[in-house]
Amino acid sequence: MTATTTRATAKTPPTAARLPLGTLVRAHLACARMEFRAALTYRTAYLSSFAMMLLQIWLLTVVWRALYDGRAEVDGLSLATMTAYATLTTLQYQLVSPWRSSPIDQRVREGKVAVDLLRPVGFPGQMLAGQLGWASAAVPVLLVALPFALLIGAGQAPASTAAGLAYPVALIGALLVNQLLGLLLGLVSFWTLEVSGALMAYRFVAQFFSGALVPLWFMPGPVRAAAEWLPFQATAYTPAAVYLGQVEGLGIVAALGVQLAWIGALGALTAFVWSRARHRVMSQGG
């Protein structure tokens, strides 16, 4: 990308670190609301994505029933648990990984990033809040689609009280890990302008290694080892495994700890990449 060199004649806005906490919170909520409303304007895209979600649940259910071939269990896992896993991961992946991961590449191509940089709220914070607002637009449609998803696939109650309490925490962790990954991918556009090709490859790799299609416990040893060292398993497998009781006791604490570690690592990496990306554009005033 060719950097746009300019002189800033407007008064420099206060940095995010100097703003009162309440002002910062309201600013980020405003970014989230704008993207929430924008997401709801793309009704056709959203409805088609949910139709595809229901189709995926049905196909996965058919595939797993065929693979079980009338057997009650495979490797100690019942067909009911497996179909519940397929239904749950597909539903939560619709929330955690929306069809648009980040608006950064579009804003860079259109030059709107210069306006974003003049705001007193940090650019990564603006984008992350917007991404979370966009993802939250899936909630009302998910609630409507839930009965159909359970009818097509299968569902079951949390494996235990601990699993029921830990699942929302794991789901929030999955959302944050995935949104930070999307933010990092979006920041690449400061160098490439276009990330659609990389995004397609990323979504394929992320969905596979997250366990959204095949749970980690069915993956071959080397593939499972690779998945466990990548952040993607924290976005689908971890919350589903917690909910269904595949990790229990201290295993739940360890799984949530891995999510927290990835949130910290990805946050630090985002800060580093942004420290380099911000020099690609200098905003103009007057």
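A crossing of two helices is left-handed if the near helix is turned anticlockwise from the far one by less than a right angle, and right-handed if clockwise. By this rule, helices H8 and H10 cross in a right-handed sense. The structure is a predicted model, in which local features need pLDDT of at least 70, side-chain atom pairs count only at pLDDT 80 or more, and totals for chains, interfaces and linings use all residues. Residues are numbered from 1 along each chain as its sequence is written, and side-chain values use heavy atoms, with hydrogens and water left out.

The protein contains 13 helices and 2 strands. Helices (H or I, at least four residues) and strands (E, at least two) are DSSP runs, numbered from the N terminus. The C-alpha atoms fill a box of roughly 75 × 40 × 35 Å along the principal axes. Of the 286 residues, 43% count as buried. Buried means under 20% relative accessible area, exposed over 50%, and partly exposed in between (1.4 Å probe, protein chains only). Among contacts with a separation of 6 or more, 82% join residues 24 or more positions apart.

Two packed helices are described by the angle between their axes and the distance between the axes. Axes are lines fitted to C-alpha atoms, for helices over the stretch in contact, and angles run from 0 to 180 degrees between N-to-C directions. Angles under 35 degrees count as roughly parallel, over 145 as roughly antiparallel, 65 to 115 as roughly perpendicular and the rest as oblique.

Helix H8 (residues 161-187) and H10 (196-209) have axes that come within 11 Å and cross at roughly 155 degrees. H8 is therefore roughly antiparallel to H10. Asn178, Leu181, Gly182 and Leu185 of H8 meet Ala198, Leu199 and Tyr202 of H10. This contact has 5 nonpolar residues, 2 polar and no charged. Here Ala, Val, Leu, Ile, Met, Phe, Trp, Tyr, Cys and Pro count as nonpolar, Asp, Glu, Lys and Arg as charged, and the others, Gly among them, as polar.

Helix H2 (residues 43-68) packs on helix H3 (residues 79-96) at about 160 degrees, with the axes 9 Å apart. This angle makes H2 roughly antiparallel to H3. Their crossing is right-handed. On the H2 side, the contact includes Met53, Gln56, Ile57 and Leu60. On the H3 side, it includes Ala86, Thr87, Thr90 and Leu91. By class, the contact has 10 nonpolar, 7 polar and 1 charged residues. Thr90 lies in H3 and is buried, because its relative accessibility is 6%. Beyond its neighbours within four places in sequence, Thr90 touches Met53, Gln56, Ile57 and Leu60.

Asp69 sits in the loop between H2 and strand E1 (73-74). Its relative accessible area of 63% makes Asp69 exposed. Asp69 is not a glycine, yet has a positive phi of about 50 degrees.

The axes of helix H1 (residues 21-41) and helix H6 (residues 123-136) come within 7 Å and cross at roughly 40 degrees. H1 is therefore oblique to H6. H1 passes H6 in a right-handed crossing. Residues of H1 in this contact include His28, Cys31, Ala32 and Glu35. Those of H6 include Gly130, Gly133 and Trp134. The contact divides into 7 nonpolar, 6 polar and 1 charged residues. Glu35, in H1, counts as buried because its relative accessibility is 17%. Leaving out residues up to four places away in sequence, Glu35 touches Arg100, Gly130, Gly133 and Trp134.

Met219 lies in the loop between helix H10 and helix H11 (221-229). A relative accessible area of 7% makes Met219 buried. Met219 touches Phe208, Val214, Arg224 and Ala227, not counting residues up to four places away in sequence. Phe209 is 10 residues from Met219 along the chain, and their C-alpha atoms are separated by 9.6 Å.

How values were computed: Contact means heavy atoms within 4.5 Å.
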